[in-house]
Amino acid sequence: MPWLNGRLLAAGEAWIDPADRGFTLGDGLFETIRVKDGAAVWLDRHLRRLAEGRAVLGIPARFGDAALAEACAAVIAAEGIEAGALRLTVSRGVGPRGVLPPAAPVATVLVAGHAGLPPQGPVALVVARGTCRNQASPLSRIKSLNYLDAVLARREAAERGADDAVMLNTAGRVAETTIANLFARIDGAWATPPVAEGGLPGIMRAEVLARLGAAERPLDVEDLQRAEALLLTNALSIRAVARLEGAALPEDEDTAVRLRRELGLPA
């Protein structure tokens, strides 16, 4: 049962206006929030990042953090989710035709729940060649509803027999993958690209950054190719990388398993 604009509804009753700018223009943002033991994990951090994203886009809050927390709890209870995910979506709401936002928008806010977590096992990666991340855009640092670069890169990965694709930035350096931040162990030390390189400021990224004592520094494809291990992290998973561009990597599943145990993910 989704929660839409203040009400918990049966799935067939949840209706979004065809003129909603989230649908017509991708004018909005979202958060993916892990559910563990029937509760939302790191909800305060997700709500803080949501507020930061709304500030970038200029979307005023329709509901406060307390109301959103109650909405998340209501969806978890209604769906009976013990382990899974919530998606909290905010669009600018209904607007007239054209790109210019309305002067006084009323946001559309949707919370939907999903039982179960994605696979946690090793991943095969390729480097996306058909599109890239624009590290100069403020949108590279928020979870915008416009995910088309990632969609194109993920299609490319599937066509090349891989699970995910590394997204490079406009300078040809590593930003992230289509759905995850990336960590590389090089010469015995862990590193991850700075957010300024075009990757999202992941909440799981921050946890893993601290636990690995990783450095933030620019990485290029050659760094990944000579890495002793690669890890992918997002709110729902921590996965080792087994192959890059078809070449086997020294897979560090031990580190991935340890981090998953420490952070409450399935080992």
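How many residues of strand E8 (residues 164-168) are buried?

Five of the five residues of E8 are buried, where buried means under 20% relative accessible area, exposed over 50% and partly exposed in between (1.4 Å probe, protein chains only). This is a predicted model, in which local features need pLDDT of at least 70 and side-chain atom pairs count only at pLDDT 80 or more, while totals for chains, interfaces and linings use all residues. Residues are numbered from 1 along each chain as its sequence is written, and side-chain values use heavy atoms, with hydrogens and water left out.

In a regular strand the side chains alternate between the two faces of the sheet. In E8, Asp164, Val166 and Leu168 are buried on one side, and Ala165 and Met167 on the other. Helices (H or I, at least four residues) and strands (E, at least two) are DSSP runs, numbered from the N terminus.

## Strand partners

Strands pair if DSSP finds at least two bridges between them. E8 is joined by three antiparallel bridges to strand E9 (residues 174-177), where Val174 is the bridge partner of Leu168. Five residues separate E8 and E9 in a hairpin, and Gly172 in the turn has a positive phi of about 85 degrees.

A salt bridge places a side-chain nitrogen of Lys or Arg within 4 Å of a carboxyl oxygen of Asp or Glu; the count comes to 18. One of them joins Glu176 and Arg133 (3.3 Å, N to O). Glu176 lies in E9 and Arg133 in the loop between E7 and H4, so the pair ties together parts 43 residues apart in sequence. Both Glu176 and Arg133 are buried.
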